[in-house]
Amino acid sequence: MSATRRVSIFGATGSIGQNTIDLIRRDPHAYEVVALTGGRNVGRLAADAAELGAEIAVTCHDEELPALRAALAGSGVEAASGDAAMIEAASRPADWVMSAIVGAAGLAPGLKALETGATLALANKESMVCAGPLMLAAAKRHGGTILPVDSEHSAVFQALLGEDISAVERVIITASGGAFRDWPLEKLATATPEEAATHPNWDMGQRITIDSASMFNKALELIETKEFFRIAPDRIETVVHPESLIHALVGFTDGALMAHVGPPDMRHAIGFALHHPHRKPLPVQRLDLAAIGQLTFRPADETRWPALRLAREVMVAGGLSGAIFNAAKERALDAFIARRIGFLQMTDVVAETLDRLSAEVGLNDAVIDLDTVMQADHLARKAADEIIGHQGADLWTS
Ligand code: NDP
Ligand code: MG
């Protein structure tokens, strides 16, 4: 009988966080919950922290602290808020930490958790995109492990088990194509945030769902693949697979392709990371292949999804370009959600930010430490906001 494991969940109130809690709730005696964190949804955060007997609950927003305190009154769970509290929670010893904050905000807590030697289940792909070398070095230095939770990367990880990485010829990650897969190209310019926030197969947070429609999510995942598995950019491919049942394929030098097939349910990748190196039963649907009938594929067209072309440029440039790409993407997404720019302008904003900062910062500069990355992130947000100012003005006056 194994002892209880100490677990923390960063981004506990989100889609990945709630799926993680669902798995933990099914076997509560196996886990001791250290920290749960969230943002605005303090009601959910407090209820889960009290139910699971967490040591501490943290909201990233200071103004939400009174509400969190009130909701936790009498529960015995500590309440805290802000960036410093997030880092303090991440430094508390835990065996397994889920990194499921959305955006670059997930980087610092994940890195801190790795510095404690914990196993980091990494849903926050932005950490790898912005600071892959730092994440891998922290894990190595402190004896921690990073397990991918993004479904494609979990699939690649599983296809590589027991294999020799030098025999890998290519990695293919699949893309559903998102909300606008079958839309005529000329309609995309007027697509609304609500239309972009519906996904044909996956039930996810709003931001990643819109990123699926623009393929910025796949763009981040291509970069994540390069950083996580240290695979050359020209060996990484993507293909549109509307059924979202094959999550990734690894091609070997003998021509074999190993595919990972499963239902579009994140509890598979989360559960794989939770139980690694063992496999345990998971409450996910078992596929009936005869009933499914067929699996289809189409090319990932870079005219329809120019974010994929930008991802290639970023993979080749390396260095700080991932942090700049991600920060510009986050601001462009904010502006699209706020209806300040159109759907297609998100790519223009990111491309222009990369262009502008390649002169100012040096895209290829090494990712030396967290400060360097956060400075590039900050400069990219500033540049993107200026560009959005101009783009937005164009949108409303044309
Ligand atoms: P959600 O938007 O559903 O949840 C995000 C979580 O982060 C919430 O707990 C939110 O709090 C919290 N949060 C938001 N902003 C901040 C901030 N600035 N600082 C600290 N916490 C913050 O996102 P998802 O669960 O969909 O995605 C989480 C991560 O996992 C992303 O990196 C995404 O790309 C990745 N991922 C998600 C998949 C999915 O199926 N959803 C699949 C693969 C990867 P609150 O809601 O309380 O405000
Ligand atoms: Mg994914």
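Trainee: Which protein donors hold the magnesium ion (ligand 2), and how far from it do they lie?
Mentor: In this predicted model, the magnesium ion (ligand 2) has Asp150 (OD), Glu152 (OE) and Glu221 (OE) as its protein donors, and they lie 2.1 to 2.2 Å from the ion.

Trainee: What spacing do those donors follow along the chain?
Mentor: The donors of the magnesium ion (ligand 2) follow the pattern D-x1-E-x68-E. Glu152 belongs to helix H7 (residues 151-159) while Glu221 belongs to helix H10 (residues 216-229), so this pair ties together parts of the protein that are 69 residues apart in sequence.

Trainee: And are the two glutamates buried or exposed?
Mentor: Glu152 is buried, with a relative accessible area of 7%, and Glu221 is buried as well, at 1%.

Trainee: Switching topic, how is the protein divided into domains?
Mentor: The assignment gives domain 1 (5-148), domain 2 (151-263 + 297-315) and domain 3 (318-398). Taken over C-alpha atoms, the centres of domain 1 and domain 3 are separated by 27 Å, and the contact between them takes 11 residues from domain 1 and 12 residues from domain 3.

Trainee: What area is buried between domain 1 and domain 3, and what share do carbon and sulfur atoms give?
Mentor: About 820 Å² is buried between domain 1 and domain 3, and carbon and sulfur atoms give 74% of that area. On the domain 1 side, Ala104, Cys130 and Leu134 supply 51% of the area buried against domain 3, which is more than any other three residues supply.

Trainee: Okay, take Glu51 then: which residue does it form a salt bridge with?
Mentor: Glu51 pairs with Arg25, and their closest N and O atoms are 2.8 Å apart. This pair links distant parts of the chain, since Glu51 sits in helix H2 (residues 42-52) and Arg25 in helix H1 (residues 15-25), 26 residues apart. Glu51 counts as partly exposed at 46% relative accessibility, and Arg25 also counts as partly exposed, at 32%.

Trainee: What separates Arg44 and Asp48 in helix H2?
Mentor: Arg44 and Asp48 are 4 residues apart in helix H2, which means that about one helical turn separates them. They form a salt bridge whose closest N and O atoms are 3.0 Å apart; Arg44 is partly exposed at 33%, whereas Asp48 is buried at 1%.

Trainee: And Glu227 with Arg230, where do those two stand, buried or exposed?
Mentor: Glu227 counts as buried at 8% relative accessibility, while Arg230 counts as exposed at 52%, and their side chains meet in a salt bridge of 3.1 Å, N to O.

Trainee: Which residues are linked in a network of salt bridges?
Mentor: Such a network links Arg6, Glu32, Glu55, Glu78, Glu88 and Arg92.

Trainee: Last one, on the inside: how many residues are in the largest nonpolar core?
Mentor: The largest nonpolar core has 132 residues, and those with the most contacts inside it include Leu36, Phe325 and Met346. Helix H14 (residues 321-337) contributes the largest share of this core, 9 residues.

Trainee: What is Met346 in contact with, leaving aside its neighbours within four places in sequence?
Mentor: With those neighbours left aside, Met346 is in contact with Ile210, Ser214, Phe216, Ala332, Leu333, Phe336 and Ile341.

Key: Residues numbered from 1 in each chain as written. Chains lettered and ligands numbered in written order. Predicted model: local features only at pLDDT ≥ 70, side-chain atom pairs only at ≥ 80, totals over all residues. Heavy atoms only, no water. Core = buried A, V, L, I, M, F, W, Y, C linked by side-chain atoms within 4.5 Å. Buried < 20%, exposed > 50% of the residue type's maximum accessible area, 1.4 Å probe, protein only. Helix = DSSP H or I, 4+ residues; strand = E, 2+ residues; numbered from the N terminus. Contact = heavy atoms within 4.5 Å. Donors = N, O, S within 2.8 Å, 3.2 Å for Na, K, Ca; no water. Domains from an automatic or database assignment. Buried area = accessible area lost by both parts, 1.4 Å probe. Salt bridge = Lys/Arg side-chain N within 4 Å of Asp/Glu carboxyl O.
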